[in-house]
Amino acid sequence: MAGRWFKPGSEERPTVGDWVVLVEDRSAVESLVKRRNLLRRKQADGLAAQPIAANVDALFIVTACNNEFNPSRLERYLLVAEDANVQPVIVLTKMDTTDTPETFVDAAVAIANGAPVHAVDALNGAGIEALKPWCGPGQTLVLLGSSGVGKSTLLNSLAGTERQKTGAARNTDDKGRHTTSHRSLHALPDGTLIIDSPGIRELGLTEDQSDPAAAFVDIEDLALTCRFRDCRHENEPDCAVRTGITSGLIDPRRLANWRRIHGEKAAARLTALTTKPRDTPKRKGKLARRPTK
Ligand SMILES: Nc1nc2c(ncn2[C@@H]2O[C@H](COP(=O)(O)OP(=O)(O)O)[C@@H](O)[C@H]2O)c(=O)[nH]1
Ligand SMILES: [Mg+2]
Ligand SMILES: [Zn+2]
């Protein structure tokens with residue numbers, strides 16, 4: 001890609017899943033074809049959004065039937081899918097390692113907002129038939145989830161051959177090493193395109209992304225009947241959300257996660273207001289010179 005591609009923000013740059021027009025001798029990218037959608041996450045510096053993949057038909061949110069399973073993290077992934085208007089599918093790997101995979105399935109269904117939830121043994125293929133409706137010619141899937149949950153293993157099983165190296169998880173904490181180091185797109189024999197990615201340690205949400213909407217529809221709906229429009233569901237009188245918790249309608253963990261995400265959103269707004277335009281080299285220099293504590 002010519003240097004001019006690196007002048008605008010990273011969202012304007014071709015990313016995995018994009019279609020591009022090449023110059024006639026195919027030596028350079030001429031233009032970027034308009035995307036259908038773009039999955040993105042917040043960058044480590046908190047400023048710009050980082051593209052994950054473009055033109056995606058389904059986001060496979062991969063987690064395992066073990067200690068890695070975390071509903072609050074799943075809710076973040078659901079927001080990422082919602083932001084891009086992409087169909088989320090929750091895939092629970094390692095169902096062969098537990099006697100009670102249904103407890104993980106039930107916990108995922110409780111927060112999935114109707115998104116499909118499937119338990120699989122990614123290693124030996126049990127259960128992966130259920131993922132076939134999202135496969136086929138022209139279908140582009142993205143695998144996202146923590147390191148070691150079995151994303152690359154699932155890709156290999158769906159492909160029928162070893163496309164990606166996989167890593168043995170450490171037994172102590174169920175966390176894997178980062179065996180996959182970069183995003184890659186794989187064409188399967190049946191025409192499916194699968195984008196494998198390294199594990200995401202921390203899933204930051206961008207300013208506009210962190211507006212909990214459909215992923216927290218139960219809380220948002222109840223909030224409409226709080227006495228105050230800007231109710232934070234803390235000490236305000238006539239708070240319908242807190243009443244919902246007392247009556248068992250809302251899981252307190254969910255409200256805590258909703259609050260945390262709202263707090264991050266406020267912080268992101270503040271950053272956006274107090275910093276110069278994104279991606280400028282000047283700003284980066286400034287950050288680099290800031291004294292470390
Ligand atoms: N028993 C079992 N092991 C799995 C399953 N999925 C992945 N693994 C193992 O978990 C480890 C990490 O898998 P890997 O695909 O590299 O995870 P990734 O970091 O998400 O790509 C490997 O040792 C896999 O063999 C599964 O469904 N069942
Ligand atoms: Mg991997
Ligand atoms: Zn309230």
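Trainee: How do the residues of the shell around ligand 1 divide into nonpolar, polar and charged?

Mentor: Keep in mind that this is a predicted model. Of the 20 residues around ligand 1, Asp96, Ala122, Gly148, Thr153 and Gly167 come nearest. Sorted by type, the shell comes to 6 nonpolar, 4 charged and 10 polar residues.

Trainee: Which helix gives the largest share of that shell?

Mentor: Happy to point you there! The largest share is 3 residues, and they belong to the helix spanning residues 151-159, namely α3.

Trainee: How much of the accessible area of ligand 1 does the protein cover?

Mentor: Let's start with backbone contacts to oxygen atoms of the ligand. A polar backbone atom of lysine 94 sits 2.9 Å from one oxygen atom of ligand 1, and for valine 149 such a distance is 3.4 Å. Alanine 122 also takes part, with a backbone N or O atom 2.6 Å from a ligand oxygen. On its own, ligand 1 has 580 Å² of accessible area, and the protein's cover amounts to 89%.

Trainee: What is the arrangement of the donor atoms around the zinc ion (ligand 3)?

Mentor: Good one. The protein donors are Cys226 (SG), Cys231 (SG), His233 (ND1) and Cys239 (SG), at 2.1 to 2.4 Å from the zinc ion. Because these 4 donor atoms subtend angles of 101 to 116 degrees, the arrangement is tetrahedral.

Trainee: How many residues apart in sequence are the parts tied together by cysteine 226 and cysteine 239?

Mentor: Along the chain, the zinc donors follow the spacing C-x4-C-x1-H-x5-C. Both cysteine 226 and cysteine 239 are buried. Each lies in the loop between α4 (217-223) and α5 (240-246), so the parts that the pair ties together are apart in sequence by 13 residues.

Technical notes
Residues numbered from 1 in each chain as written. Chains lettered and ligands numbered in written order. Predicted model: local features only at pLDDT ≥ 70, side-chain atom pairs only at ≥ 80, totals over all residues. Heavy atoms only, no water. Near = heavy atom within 4 Å. Polar contact = N/O pair within 3.5 Å; in protein donor to acceptor, adjacent residues only side chain to side chain. Areas by Shrake-Rupley, 256 points an atom, 1.4 Å probe, with all protein chains shown as cover. Helix = DSSP H or I, 4+ residues; strand = E, 2+ residues; numbered from the N terminus. Nonpolar A, V, L, I, M, F, W, Y, C, P; charged D, E, K, R; others polar. Donors = N, O, S within 2.8 Å, 3.2 Å for Na, K, Ca; no water. Tetrahedral: all angles 85-135°; square planar, octahedral: opposite > 155°, others 65-115°. Buried < 20%, exposed > 50% of the residue type's maximum accessible area, 1.4 Å probe, protein only.
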